[in-house]
Amino acid sequence: MLVLNRKEGESVRVGDDITITVVGVEGGQVKLGIEAPKSVGIHRQEVYLAIKKENAEAANISSDLLDLLKNVKKD
């Protein structure tokens with residue numbers, strides 16, 4: 001893990017097209033501004049983990065359900 005010190009208004013570049021800027025520091029919180037292409041997903045860690053969990057659950061359809069769907073008669 002790379003650890004950097006940045007002051008308000010200073011930035012960090014990630015690759016050629018992502019910039020992370022320290023917008024403000026208030027108490028124990030740091031406000032970050034992130035500039036990235038729209039094709040790059042940006043989520044808080046807890047949201048990312050929840051999305052990942054839901055996607056894994058959705059992809060884990062039981063084989064019984066799949067067999068049932070295969071046997072549904074078409075009109």
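Biologist: Where is the place of Ala50?

Modeller: Ala50 sits in helix 1, which covers residues 45–59. Keep in mind that this is a predicted model: local features need pLDDT of at least 70, side-chain atom pairs count only at pLDDT 80 or more, and totals for chains, interfaces and linings use all residues. Residues are numbered from 1 along each chain as its sequence is written, and side-chain values use heavy atoms, with hydrogens and water left out.

Biologist: Is Ala50 buried, exposed or partly exposed, and why?

Modeller: Look at relative accessible area: under 20% is buried, over 50% is exposed, and in between is partly exposed (1.4 Å probe, protein chains only). Ala50 has 36%, so Ala50 is partly exposed.

Biologist: How far is Ala50 from Arg6?

Modeller: Compare C-alpha atoms. Those of Ala50 and Arg6 are separated by 29 Å. Along the chain, the two residues are 44 apart.

Biologist: How many helices and strands does the protein have?

Modeller: Count 2 helices and 3 strands. Along the sequence, the order reads β-β-β-α-α. The radius of gyration (taken over C-alpha atoms) is 21 Å, well over the 11 Å from the globule rule (2.2 Å times the number of residues to the power 0.38) for 75 residues, so the protein is more spread out than a compact globule. The C-alpha trace spans about 65 × 30 × 25 Å along its principal axes.

Biologist: What share of the residues count as buried?

Modeller: Of the 75 residues, 7% do. Contacts give another view; a contact means heavy atoms within 4.5 Å. Take the contacts between residues at least 6 apart in sequence: 0% of them join residues at least 24 apart.

Biologist: Which way do strand 1 and strand 2 run?

Modeller: Two strands pair if DSSP finds at least two bridges between them. Strand 1 (residues 11–14) and strand 2 (residues 18–26) are joined by 4 bridges and run antiparallel. Val14 faces Ile18 of strand 2. Val12 stands opposite Ile20, also in strand 2. The hairpin has 3 residues between these strands, and Gly15 takes a positive phi near 65 degrees there.

Biologist: How many bridges join strand 2 to strand 3?

Modeller: There are 7, and this pair is antiparallel. Ile20 stands opposite Ile34 of strand 3, and Val22 stands opposite Leu32 of strand 3. Their hairpin has 2 residues between the strands, with Gly27 at a positive phi near 60 degrees.

Biologist: Which residues form the nonpolar patch on the surface?

Modeller: Patch members have over 30% relative accessible area and no salt bridge; like charges are joined within 9 Å, nonpolar side chains (Val, Leu, Ile, Met, Phe, Trp, Tyr) within 5 Å. Here the members are Val25, Val30, Leu32, Ile34, Val40 and Ile42. Together they have about 500 Å² of accessible area, by the Shrake-Rupley method with a 1.4 Å probe, where only the protein chains shown count as cover for residues. Strand 3 (residues 29–35) gives the largest share, 3 residues. The protein exposes about 7100 Å², and carbon and sulfur atoms supply 54% of that.

Biologist: How many salt bridges are there?

Modeller: The rule asks for a side-chain nitrogen of Lys or Arg within 4 Å of a carboxyl oxygen of Asp or Glu. That gives 3 salt bridges. Glu10 pairs with Arg6, with the closest N and O atoms 3.6 Å apart. Both ends are partly exposed: Glu10 at 29% relative accessibility, Arg6 at 40%. Lys31 pairs with Glu26, and the closest N and O atoms are 3.6 Å apart. Lys31 is partly exposed at 44%. Glu46 and Arg44 meet at 2.7 Å, N to O. Arg44 counts as exposed, since its relative accessibility is 55%.
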